[in-house]
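Good morning, and thank you for making time for this presentation.

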Amino acid sequence: MMRRNDVRARNHPAYWAFLVHRLSGLALALFLPVHFWALGQAIAGEQALDGFLRFADRPLFKFAEWGLVVLLSLHLMGGLRLLVIEFAPWTHLRKDWLAVGLGVGACTGLAFLLALLR
Amino acid sequence: MDMLEVRVWRSAGEGGFISYRVPRHTSQTVLDVVTYIQRQLQPDLGYRYACRVGMCGSCAMTVNGKARWTCRTHVSKVAADGRLEVAPLANLPVIKDLVTDMSGFFDKWAQAKGSFTGTLTRHDDFARVPPASPRRQAVDAGIECIGCGVCYASCDVVAWRPDYLGPAALNRAWTLVNDERDTQGAERLRAVAGDAGCHSCHTQGSCTERCPKAIAPTAGIAGLKRMAAKAAMKGDL
Amino acid sequence: MAAMNVRTQARLWYFQRVSAMVLALFVAVHIGIVVYAVRGGLSGAEILARTHGSIAFAFFYGVFVLACAVHVPIGLLRIAQEWLRWRGPSAVAAALAFAVLLAVMGLRAVYGVVA
């Protein structure tokens, strides 16, 4: 038998970054086909697209949209950090990028929220 | 007399934690605690150590969930509330109690072509390697590995992919592909590329966080990713 | 994991990183567009008024879709192999199928709003 690690071994910033990156990527991957389908409704005419947009004009949907934009932002920033780690000269695990990434994610979330409320 | 509550993994079949009470002293290490338990309380407790001064890496175990050298882990640092949990290293088969079978770990070292192959003999002059060259600096950053297994035990990709070579083997391969005297570069790159090799590293960084020698296997693995991908795109892999 | 040889596995890593670099630019622009567009609510008329007949839009989002079709399935394949223990040719085939799905649905959507 083999012992496996638990959360105590994973409780450090670079690991949280991995988890956020993977889970956000998974959520976005599952969202994309839905997103493409919704926009493809335009083929059936403006009414069809409008019909879907009106259906999506409710708080739960808006919250989900906001969530997805934040996840996209985080996935982008986490991805940039990985590209820097993998392709630029090594200077440790780039934890400064984690902080900046969170900041950008927060800013994007705020910008989207403000735009929604306009 | 302050006492420590120490849970120690004992394996007979499935295994489980047994609790012991150990007298607490100043400047006590976790290895001191395990040794006390074996000598005074549980004579058949199986565990490994050798140098007890942080040179050999034999005493690596999981302490409060994290892989560490027990001889270099002060109880005062990890047992804030007087509690300790000691278990064998993760990701390796448990032989008995705190002892793991390291042969898989070293087999992967060999699979990664983690040994030096040169052309010079003792009749030739010494090779001259400038220590400040970028390649030698890359080697020097990873050369101090003593094969303790802490990084391997800390890596989730090792747990998720049974054939993943692991941080130590890949780090050693990195030090060799950058060694200008070595002649096995192409074969080694082939050995460490792909899903069982460097390209499965997700930069979780647990290896770099936990290495007692402050080596960053993540750095070497990133380097191998670039080299191997370049070779693959050129059709050289 | 002998579904693919080592050279292919290494190339997949490379393609995922290159598509990531491409996507970094496209996503940044897209987020800007989204935040701008969502002000005052979304409507079919507003969206289509901007996208109808726009070559620039078609090109931008067409490339965006194709980059996604490369980047996303490779990531999903990793998750399948590591978290679902789904390995071998069937997992690779599923990833490939998802790539085709994204490309087809995505380009259809681009066509839908531009044509």
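Chain C contains 4 helices and 0 strands. Read from the N terminus, the order of its elements is α-α-α-α. Please bear in mind throughout that this is a predicted model.

Let me turn to the overall dimensions of chain C. Its C-alpha trace spans about 50 × 25 × 20 Å along the principal axes. The radius of gyration of chain C is 17 Å, whereas a compact globule of 115 residues would have one near 13 Å. Of the 115 residues in this chain, 31% count as buried. As for contacts within chain C, consider those with a separation of 6 or more: 80% of them are between residues 24 or more positions apart.

What does chain C contribute to its contact with chain A, and what does chain A contribute? Chain C provides 31 residues, and chain A provides 31 residues. On the side of chain C that touches chain A, at least two residues come from each of helix 1 (6–37), helix 2 (44–51), helix 3 (55–83) and helix 4 (89–114). Helix 1 of chain C gives the most to that side, with 9 residues. Sorted by class, the side of chain C that touches chain A has 21 nonpolar, 7 polar and 3 charged residues.

Chain C also meets chain B, in a contact that takes 14 residues from chain B and 9 residues from chain C. On the side of chain B that touches chain C, the most is given by helix 10 (residues 217–234) of chain B, with 5 residues. That side of chain B divides into 8 nonpolar, 2 polar and 4 charged residues.

I close with a helix pair inside chain B. Two packed helices are described by the angle between their axes and the distance between the axes. For helix 7 (residues 167–177) and helix 8 (residues 185–192) of chain B, the axes come within 10 Å and cross at roughly 155 degrees. An angle over 145 degrees counts as roughly antiparallel, and helix 7 and helix 8 of chain B are therefore roughly antiparallel to each other. Their crossing is left-handed.

Which residues meet where helix 7 of chain B and helix 8 of chain B are in contact? From helix 7 there are Leu170(B), Ala173(B), Leu176(B) and Val177(B), and they meet Gly185(B), Arg188(B), Leu189(B) and Val192(B) in helix 8. By class, this contact between helix 7 and helix 8 of chain B has 6 nonpolar, 1 polar and 1 charged residues.

Conventions
Residues numbered from 1 in each chain as written. Chains lettered and ligands numbered in written order. Predicted model: local features only at pLDDT ≥ 70, side-chain atom pairs only at ≥ 80, totals over all residues. Contact = placed C-beta atoms within 7 Å. Nonpolar A, V, L, I, M, F, W, Y, C, P; charged D, E, K, R; others polar. Rg over C-alpha atoms; globule rule 2.2 N^0.38 Å. Buried ≥ 20, exposed ≤ 12 C-beta atoms within 10 Å, placed from the backbone. Axes fitted to C-alpha atoms, helices over the stretch in contact; angles between N-to-C directions. Parallel < 35°, antiparallel > 145°, perpendicular 65-115°, else oblique. Left-handed = near helix turned anticlockwise from the far one by under 90°.
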